[in-house]
Amino acid sequence: MANIRRRELLASLFLASGWAAWEFTSKAAHAYDVAIAPTDPQLGDTLSVVVRPNTPTPSVVPTVTVNDIAYRSFPLSGNRFRALVPTNPLDTPGRLVIRVSGEETTRNLAVGLRNRTFRTQRITLPPNRRDLGTDYEFDRVGQFKAIVSPERYWNGPMVRPSQGRVSSEYGIRRYYNGVFAENYYHRGVDYAAGTGSPVVAPAAGYIRLVGRVADGFELHGNTVGIDHGQGVLSIMIHLSRVDVNEGDFVSAGQVIGGIGSTGAATGPHLHWGLYVNGVAVDPVPWRFAGIE
Ligand SMILES: [Zn+2]
């Protein structure tokens, strides 16, 4: 009960701040009112760009473009559309120009993306190390990460996928043999717990990927991918066992497998990657504040 009340409170807070932003942006007459949340984002945050066309029944769904990448928007209640724009530790902090276009004139807005310091690790790799990973697993994982389906299945803040302690947080950067890895960041959150401990779905969705070591998932290990809809995806890797099948619909909190150390893992842990339109974002805002 308490949890349900908390969710309702969070939902009403989000709506209250969202409408305050409407008033702020709609002083002048525009083809679209646009509300961007959070208003003071940092690297790793997911930007929620809510567009309300000032036409009663727009025939063209607005597109949101940031850094030449176009993001689809999907209908929300109240004649609004919403696009989710991912950011990550590799982005350049500073001014982000957000272009909204549809059947009427284009609107440009700007938001400042704050820098953020991520923990670093120094890793020593042995010489002549063989890189793990098969074409089969990279193809399957790549196809999964490209899914953008129109329905929204998540509802409210996401659930902690494991009761284990967080052993590695999102965004950690690395030096390999003393050289900074420009393109590496920890693309998820790790939870350490005993082999076989339950792993649950952080939010509702369809199982769109089940990968097994026996089928060539030598890097990720046993893997489950969940489509939460509208470009939001979870990937859970290194599992000891998988309790679901592709095509199943799971609800938030439903057990999907067990913690393991399959694939490239030094000990039993769950790696949860949360992807938004193909980019691994910080799950923390999705877990605590939630995104409508
Ligand atoms: Zn990890």
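## Starting at Q42

Skip the neighbours within four places in sequence, and Q42 is in contact with R114 and R116. You'll find Q42 in the loop that links β1 (32-37) to β2 (46-53). Keep in mind that this is a predicted model.

L113 belongs in this picture too: its C-alpha atom and that of Q42 are separated by 5.2 Å, although the two residues are 71 residues apart along the chain.

## The whole chain

Zooming out, the chain has three helices and 22 strands. Of its 292 residues, 37% are buried. Take the contacts with a separation of 6 or more: 68% of them are between residues 24 or more positions apart.

## A three-stranded sheet

Now look for an open sheet of three strands, in the order β9-β11-β12, with mixed pairing. Its edge strands are β9 (120-123) and β12 (179-180), each of which pairs on one side only.

What joins β9 to β11? Four bridges do, and the two strands run parallel, with β11 covering residues 173-176. Across this pair, I123 stands opposite Y176 in β11. In general, strands of a sheet pair through backbone hydrogen bonds, either parallel or antiparallel.

The average pLDDT of the chain is 88, and 89% of the residues score at least 70. Residues 1-28 have a pLDDT below 50, and this stretch has 18 contacts in the model beyond near neighbours in sequence.

Methods:
Residues numbered from 1 in each chain as written. Predicted model: local features only at pLDDT ≥ 70, side-chain atom pairs only at ≥ 80, totals over all residues. Buried ≥ 20, exposed ≤ 12 C-beta atoms within 10 Å, placed from the backbone. Contact = placed C-beta atoms within 7 Å. Pairing = 2+ DSSP bridges. pLDDT = per-residue confidence, 0-100.
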